[in-house]
Amino acid sequence: MKKVLLYAFLVSIVITSCTDSTTIFEQEEASFGNETNATVLTNSIVYDKSGAMEIYEENFQNGAQSIFANEQAGNYPLALVAQVTPPSFSGAENLTATDIHIDGDYAYISYNTAGADYKGAVDIVNVSDPAAPRLTGRAYSYDKDLNAIHYSNGYIYVVGGVDAEQSALASANSVVIKVAASNGRFDTSDLTYNYQEGFNANDVLVANGSLYVTSGRDGYVTEFDTSSLEIVNEVPFQDLRSVVIKDGTYLVLDASAGVRILNSDLQETSQIQIDSDFREADKRTLDIMGDKVIVAEGRNGAGVYNINTGAFQEYIPITINPADVIESDIVTNATAYNEGVILMANGGAGLGLAEEEDDILSTVGVIELDGSTNYVASKGDYIFAASGREGLQIIKMNKPSEDLAEKCSGTPTYSGNANLNVAASQSLAYSGSRRFRSISVSGSLLLCGTWTVNNAVSIADNGLFEMRGTFIVARNNRRRDLTVGENATLRIEGNLTIYGDLILEDNATVEFIGDTSRVNIFGNVTGANNANVLGTFDDIQDKF
């Protein structure tokens, strides 16, 4: 075991006579590079496909896949906030995200490269403003794959693999790195390395004051001191892939046997036997759902097991298989559980969504994303999905806040058609959290909650549309407009996003209620000279 404290990410190597120890020191310093170009960071956040997302559901009558298969407005009004373009440098033009850890307002992402090359990267993304995520930090790993990441108490812990035969310092192929970070930025004066036996370090967890790392085939689950990175305890296993904690008990996925349940001394107390084909060196994860563990099981989908008894409960299947994807790419690589929602990174079959209600699991469909989905993490109101060359996808779930739910409690929950049409003689009010195909208002409509609309929204002459909460129209790569007709009124209390134009006809009125409303228009505001815009609001794109 060797360890070195590094004082900078990148320094030039002085080509002079020096001791062997100095050479090693400089080689490790040169193995990381910190991105300092603010333009690179800014341009890595892209909005080309941002906006309202669909969920492909299965039409059970003919087995086909479609959007709004039953023509009812769907649950889960998801919106793609932005994408993070993968890091790239010479010799590492095909980096893909491997792991995501969410802590507070920041997401920490690790990357590696496919094939024999050992190269990786780390990103830090600030998501405190849902309308404008920011890439605040990026570091490059020139000779190490980075496979898993965890942030805790001012430090990023990232693990991966290195070619020990080519490294002057590495004593084993599995590497553990600790780097200070605060306010979304790396502290390049505080960086520490250590190594452990095993084919490739593939998961990391900080719990109970210690750092726990799994290191793959013929490796270990190892406990490190979080301060010094010295090894405190280690136990060998045949083929570890993932580690999680539940009530002080550690669960590790051993691809040779199943889920091994360990005590605080890392001694096995019980086992959940699993006979799935986990394949060699593939990403496979564990996640906790109450008293159950969800296991990413490749072609079988996600397996659900009772932690206390070890009993198998059921599989959440990969329900929709795209015709143009090879069979070997349709596998569940990772899962994430978030307040009744189960997300499945199903490779070429995309990002699956299932739900748990009253201990009953049911599939919903596949979220509209481009690219193969290799990893997923979710916390709070966000989903982060790693989609191959498409990069990191930042998705907002648009869950109604408790305060908004209270405000909306006086109106009935919407459960109607995906195309909402309000006749001139109607005055309707609904609460909820739904995704629509289209909305047309000739009479009066109040929507209180969180809503997305795939196509255009129109308010006919003399119509009234009031929205309280969050309302998102269309998508940046398929723009649609929101039209306010002659003498019609659009009244807003909350957050309005339009991927298209806001069109105001003669004597149309847009009125903002309160002083905290925000409007984010990716097209233009166009209309008659006698149109009215009233109230206080934050115009994010400066379109008014």
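Tutor: Let us begin with V243, whose bridge partner in strand β20 is V252. The model is a predicted one, in which local features need pLDDT of at least 70 and side-chain atom pairs count only at pLDDT 80 or more, while totals for chains, interfaces and linings use all residues. Residues are numbered from 1 along each chain as its sequence is written, and side-chain values use heavy atoms, with hydrogens and water left out.

Strand β20 is joined by six bridges to strand β19, which covers residues 231-246, and the two run antiparallel. Strands here are DSSP runs of E with at least two residues, helices are runs of H or I with at least four, and both are numbered from the N terminus; two strands count as paired if DSSP finds at least two bridges between them. Both strands belong to an open sheet of seven, in the order β16-β17-β18-β19-β20-β21-β22, with antiparallel pairing. At its edges lie β16 (203-207) and β22 (268-273), each of which pairs on one side only. Neighbouring strands in this sheet are turned against each other by 35° on average, direction ignored, where the axes are lines fitted to C-alpha atoms and angles can run from 0 to 180 degrees between N-to-C directions.

In the whole structure, a search finds 18 aromatic pairs, meaning Phe, Tyr or Trp rings (the six-membered one for Trp) with centres within 6.5 Å, called stacked when the planes are under 30 degrees apart, edge-to-face when over 60, and tilted for the rest. One of these pairs is formed by Y212 and Y250, which are tilted at 40° between the planes, with 4.5 Å from centre to centre. This pair links distant parts of the chain, since Y212 sits in strand β17 (residues 210-214) and Y250 in strand β20 (residues 249-254), 38 residues apart.

F436 counts as buried because its relative accessibility is 0%, and W451 is buried because its relative accessible area is 1%. Together with Y414 and Y430, F436 and W451 make up one aromatic cluster.

Strand β37 (residues 444-453) also holds C448, which is paired across 40 residues with C408 in the loop between α3 (402-407) and β34 (419-422), again linking distant parts of the chain. The structure holds one disulfide, a term for two cysteine sulfur atoms within 2.5 Å, and this one joins C408 to C448 with 1.9 Å from S to S. The link of C408 and C448 is left-handed, with -80° about the S-S bond, and both cysteines are buried.

Note on methods
Buried < 20%, exposed > 50% of the residue type's maximum accessible area, 1.4 Å probe, protein only.
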